[in-house]
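Welcome, and please take a moment to look over the model below. We will walk through its salt bridges and its nonpolar cores together.

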Amino acid sequence: MIKTESLGKKGESEAVRFLTRSGYKIIALNYRARFGEIDIIARESGTICFIEVKTRTSLEHGLPCEAVATAKQRRMSKAALCFLKERGLLDAAARFDVVSVVEALPEPAISIIRNAFECSPEYTY
């Protein structure tokens with residue numbers, strides 16, 4: 001496994017611990033659909049949350065959450081709709097969150113942006 005992949009997996013593990021402590025119930029990890037992947041799918045207060053995790057070792061290249069480009073948002077939107085459709089949940093409350101993890105000693109710095117972006121109407125079924 002190359003360094004960026006192992007950093008990403010470590011960040012996802014940190015994010016799962018953070019989300020669980022924050023009251024999220026994890027539903028799925030690394031959900032893959034034809035259109036893309038979603039790092040974490042969880043439920044918080046009745047809302048299904050599709051979560052992208054971005055991990056960095058420093059802030060030299062900006063905040064991790066700034067790396068969730070429009071193309072990634074589109075792929076996540078499509079994958080999220082596949083997930084909801086597969087499970088008969090198209091009417092469920094849902095949102096997209098982004099978790100930023102900055103690996104720093106002695107503890108990683110973790111933050112979340114709830115409702116970071118919206119699903120584009122062009123992807124509705």
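Lys72 and Glu52 are both buried, where buried means under 20% relative accessible area, exposed means over 50%, and partly exposed lies in between (1.4 Å probe, protein chains only). Their side chains meet in a salt bridge, 3.5 Å from N to O. A salt bridge here is a side-chain nitrogen of Lys or Arg within 4 Å of a carboxyl oxygen of Asp or Glu. Lys72 sits in helix α2 and Glu52 in strand β3, so this pair ties together parts that are 20 residues apart in sequence. Helices (H or I, at least four residues) and strands (E, at least two) are DSSP runs, numbered from the N terminus.

A word on the background: this is a predicted model, in which local features need pLDDT of at least 70 and side-chain atom pairs count only at pLDDT 80 or more, while totals for chains, interfaces and linings use all residues. Residues are numbered from 1 along each chain as its sequence is written, and side-chain values use heavy atoms, leaving out hydrogens and water.

How many salt bridges does the rule give? The count comes to 10. Three of them are listed here.

| Salt bridge | N to O distance |
|---|---|
| Arg114 and Glu44 | 3.4 Å |
| Lys72 and Glu52 | 3.5 Å |
| Arg87 and Glu86 | 2.9 Å |

Arg114 lies in strand β5 (residues 109-117) and Glu44 in strand β2, so their bridge ties together parts that are 70 residues apart in sequence. Arg114 is partly exposed at 41% relative accessibility, whereas Glu44 is buried at 13%.

Now for the nonpolar side chains. In soluble globular proteins, such side chains tend to be buried together. A nonpolar core is a set of buried Ala, Val, Leu, Ile, Met, Phe, Trp, Tyr and Cys residues joined through side-chain atoms within 4.5 Å. The largest one in this model has 16 residues, and Ile38, Ile41, Phe50 and Phe83 have the most contacts inside it. Two or more residues come from each of β1 (25-33), β2 (36-44), β3 (47-56), α2 (70-86) and β4 (94-102). Helix α2 gives the most, with six residues.

A second, separate core has 12 residues, among them Ala42, Ile51, Val99 and Ile112.
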